[in-house]
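Here's a quick briefing to read with the structure open beside you. Take a look at the chain, then go through the notes by topic.

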Amino acid sequence: MKTQPMTEARFVALAEAWGGDLRRWPAAEAMSAKLWADAHPTAAARALFEARQTDAVLDLVPRLAVSSSLRDRVIASAAGVGLKARTSWPGLRRLLWIGGAGWVAAACAGVVFGVTLSRNLAVEQQVDQVLNEAVAPALDDTEWLS
């Protein structure tokens, strides 16, 4: 996303919208605003000072708490017109299901690999044992001891 070039009018508009603290601004805007503020310190200081004054006045306004009865009435009226509560992560169940299925598939593949590998090892051991037993009678005891 490309941002507009920073001008004094744009800097003032962003300061009015986001406040006097550049850390609260969107990252792309804050970087270009910082560069502009370094190049124009007087204008930037004036705009940020006015924005900080507005922030201070807004901080004085008491925060209103919603009563539980009002909350219950709003929820009831929403349910009355057929609205349902949204889940915070609508695709989370599907994601968990797919992730779980992936783990199950990996576990099954591991079991199949393990069984196949153990069968091959068992067959190789049996072949070695048969060959040793077939060759052993042909050798006399002196060859075994040396």
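This is a predicted model: local features need pLDDT of at least 70, side-chain atom pairs count only at pLDDT 80 or more; totals for chains, interfaces and linings use all residues.

The protein chain has six helices and zero strands, so to speak an α-α-α-α-α-α pattern when you read along the sequence.

**The chain as a whole**
- Of the 146 residues in the protein chain, 14% count as buried.
- The protein chain exposes about 12,600 Å², and carbon and sulfur atoms supply 65% of that area.
- Take the contacts between residues at least 6 apart in sequence: 55% of them join residues at least 24 apart.

- Arg10, Phe11, Leu14 and Ala15 are the buried residues to look for in helix 1.
- These four cover an arc of only 135° around the axis, so they sit on the same side of helix 1.
- The background is simple: an α-helix has 3.6 residues a turn, so residues three or four places apart point the same way.
- What do the buried residues of helix 1 pack against? Their partners are helix 2 and helix 3, the latter covering residues 41-60.

**The aromatic group**
- The model has two aromatic pairs, counting rings whose centres lie within 6.5 Å.
- One of the pairs is Phe11 with Trp25: their ring centres are 5.5 Å apart and their planes meet at 50°, so this pair is tilted.
- Why does that pair tie together separate parts of the chain? Phe11 lies in helix 1 (residues 8-18), while Trp25 is in the loop between helix 1 and helix 2 (27-39), so the pair links parts that are 14 residues apart in sequence.
- Both Phe11 and Trp25 are buried.

**Helix 4 and the glycines**
- Helix 4 (residues 68-80) has 13 residues, and at 1.5 Å a residue it should span 18 Å; its end C-alpha atoms are 18 Å apart, so the two values agree.
- Gly82 follows helix 4 and has a positive phi, near 95°.
- Helix 1 is followed by a glycine too: Gly19, with a positive phi near 100°.

How values were computed: Residues are numbered from 1 along each chain as its sequence is written. Side-chain values use heavy atoms; hydrogens and water are left out. Rings of Phe, Tyr and Trp (its six-membered ring) pair if their centres lie within 6.5 Å; planes under 30 degrees apart count as stacked, over 60 as edge-to-face and the rest as tilted. Helices (H or I, at least four residues) and strands (E, at least two) are DSSP runs, numbered from the N terminus. Buried means under 20% relative accessible area, exposed over 50%, partly exposed in between (1.4 Å probe, protein chains only). The arc is that of the directions from the helix axis to the C-beta atoms. Contact means heavy atoms within 4.5 Å. The expected span of a helix is 1.5 Å times one less than its number of residues. Accessible areas come from the Shrake-Rupley method with a 1.4 Å probe; for residues, only the protein chains shown count as cover.
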